[in-house]
Each structure stands twice: as structure tokens, then as C-alpha cells.
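Please keep the sequence and the model in view while reading.

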Amino acid sequence: MPETVVHLVRHGQVENPRRVLYGRLPGYHLSRRGRAQADLLAGYFAGARLAAVVASPLERAQQTATPIAAAHGLEVRTDLRLIETSNVFEGAAGNVVWYILRHPKLWWQLRDLRTPSWGERNVDMVERVHAVVDAAREEFAGGQVVLVSHQAPIWVARLAFEHRRLSHWPGWRRCTLASVTTLTFDGDRLTGVGYAEPAAAALLGPAPTPGPGGDPRPGPDEGLRPEREAR
């Protein structure tokens, strides 16, 4: 049986000047750099024979998926199971450490790293993301599929596929903005896990300037210091 390849793509950078932990809140869309990342992702997948592009319902994921799908003449499918994790800090702005220190009632929520105690359980994220991967493998056996989601769901899904412990500190996740985690299957057997950051250049140097028609284009002298990554 031909290999089935599922690409778990994290959305691009979000317009978030107040540094809000936005979680599932509506209205958070891609920044200029994020749109440039989405275009770079479309170029990265240009040579792949994609059978489908599926995305979380949140704006940032939909906007990241759209140019990838358009390059292949596909419509973006939406699957709620790819949505961001929920957490008790949703809506907090600024430095989250200071926010926690100013709200002692939240301290109890940090008691357990394994679950974690501050939001959706890791095991529940794994269950829903793996269900989407399984459905994609079944429907598009022998093909390639892109699933656009968010950092935490992608990372814990990968940990589970690799039979690693699900408990982890969020800062240790290897799943940067607009990254691609690639799962390769031979039938039901996972044969490989890959990771790439094809759109990292869009976070370097000055912000992309609008091109003809207002579309963002990476500047010619990108490449000094990455911006701090938003969730």
C-alpha cells in the first residue's frame, strides 16, 4: 500500500500587540508576518499532491490554510477537533507570570503539570487530534493531507504518536509558528515523524512590506533577529 502522509501545520503569527493569551477567543487574525508565513507554506507544499486541507475553525488557522488549499484548487475543510486547547488564563494580557502573581486564586490551577490542571487534559487533546489523523488516513489512503491546528494539540499528538510522556512544560514544545510536523504511515503503522520550519524567515528582520494590491511580501534584507513568538 502506498504511504499516507499527514502534515500537522501550526498557524502563522497572530496580530496581538497586547500579548493576550487568546486561546479560543474569536477575532485574532494573522499579522503581516503571519500572512507572509502562510504564503511561504503554500510554496513549501506546492510540489506535494495534496488531497485535502483541513483546519481548525479559528481565524488564524483558516487564514493559514487558505493559500495552501488555493494553490491546489482545494476548499479548506473545517474540523472542530483541531481547535486550540482551552485554559483558565484565556484573555490574560501582558506578562503571564505577573498576571498569575496578581491573581492568587489561580495558583491552585498550576498544581499539576501532568494533566495539566490549568486547561484541557492532554489525553483529551490527543484523542481528538488522533481521531482527525485517523479519519484523514482512512479517507485519503496513499495521499497527502494538511491539517492546520495549534501548538499544544499538535505537540501532544506527536508525543503520543512517539509513545512519549504527555506531561511537559509548554516552553519545551518543538512546534514553532508555521511549522510542519509530518507523520508518515504505512497502512496503520507510523513509519516516520519529520519536522520543518519552512516559513521561519518571515519572522526575521523588518516586517514584510505590502506588495502590489496590498499583499505582504518579505523584505529583501530579512534575517537578523526573530520576533518573540506568540501562542
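Helices (H or I, at least four residues) and strands (E, at least two) are DSSP runs, numbered from the N terminus. The model is a predicted one, in which local features need pLDDT of at least 70 and side-chain atom pairs count only at pLDDT 80 or more, whereas totals for chains, interfaces and linings use all residues. Residues are numbered from 1 along each chain as its sequence is written, and side-chain values use heavy atoms, with hydrogens and water left out.

**Overall make-up**

- The protein chain has 5 helices and 8 strands, which follow one another along the sequence as β-α-β-α-β-α-α-β-α-β-β-β-β.
- Of its 231 residues, 47% count as buried, where buried means under 20% relative accessible area, exposed over 50% and partly exposed in between (1.4 Å probe, protein chains only).

**His7 and strand S1**

- His7 belongs to strand S1, and it counts as buried because its relative accessibility is 7%.
- Leaving aside residues up to four places away in sequence, His7 touches Phe45, Leu50, Gln144, Val145, Val146, Leu147, Val180, Thr181 and Thr182, contact being heavy atoms within 4.5 Å.

**Nonpolar cores**

- A nonpolar core is a set of buried Ala, Val, Leu, Ile, Met, Phe, Trp, Tyr and Cys residues joined through side-chain atoms within 4.5 Å.
- The largest nonpolar core has 18 residues, of which Val6, Leu8, Val133, Val145, Leu147, Leu183 and Phe185 touch the most other members.
- Two or more residues of this core come from each of S1 (4-10), S2 (50-55), H4 (122-139), S4 (144-149), H5 (151-161) and S5 (180-186), and H4 gives the most, with 4 residues.
- Apart from this core lies another, of 16 residues, among them Leu41, Phe45, Ala65 and Val148.

**Helix H4**

- H4 has 18 residues and reaches 26 Å from its first C-alpha to its last, close to the expected 26 Å, a span defined as 1.5 Å times one less than the number of residues.
- Buried residues of H4 include Asn122, Met125, Val129, Val133 and Arg137, and the elements covering the buried residues of this helix include S1, S4, H5 and S5.

**Packing of H1 against H2**

- Ala38, Asp39, Leu41 and Ala42 in H1 meet Gln63, Thr64, Pro67 and Ile68 in H2.
- The residues of this contact divide into 5 nonpolar, 2 polar and 1 charged, with Ala, Val, Leu, Ile, Met, Phe, Trp, Tyr, Cys and Pro counted as nonpolar, Asp, Glu, Lys and Arg as charged, and the others, Gly among them, as polar.
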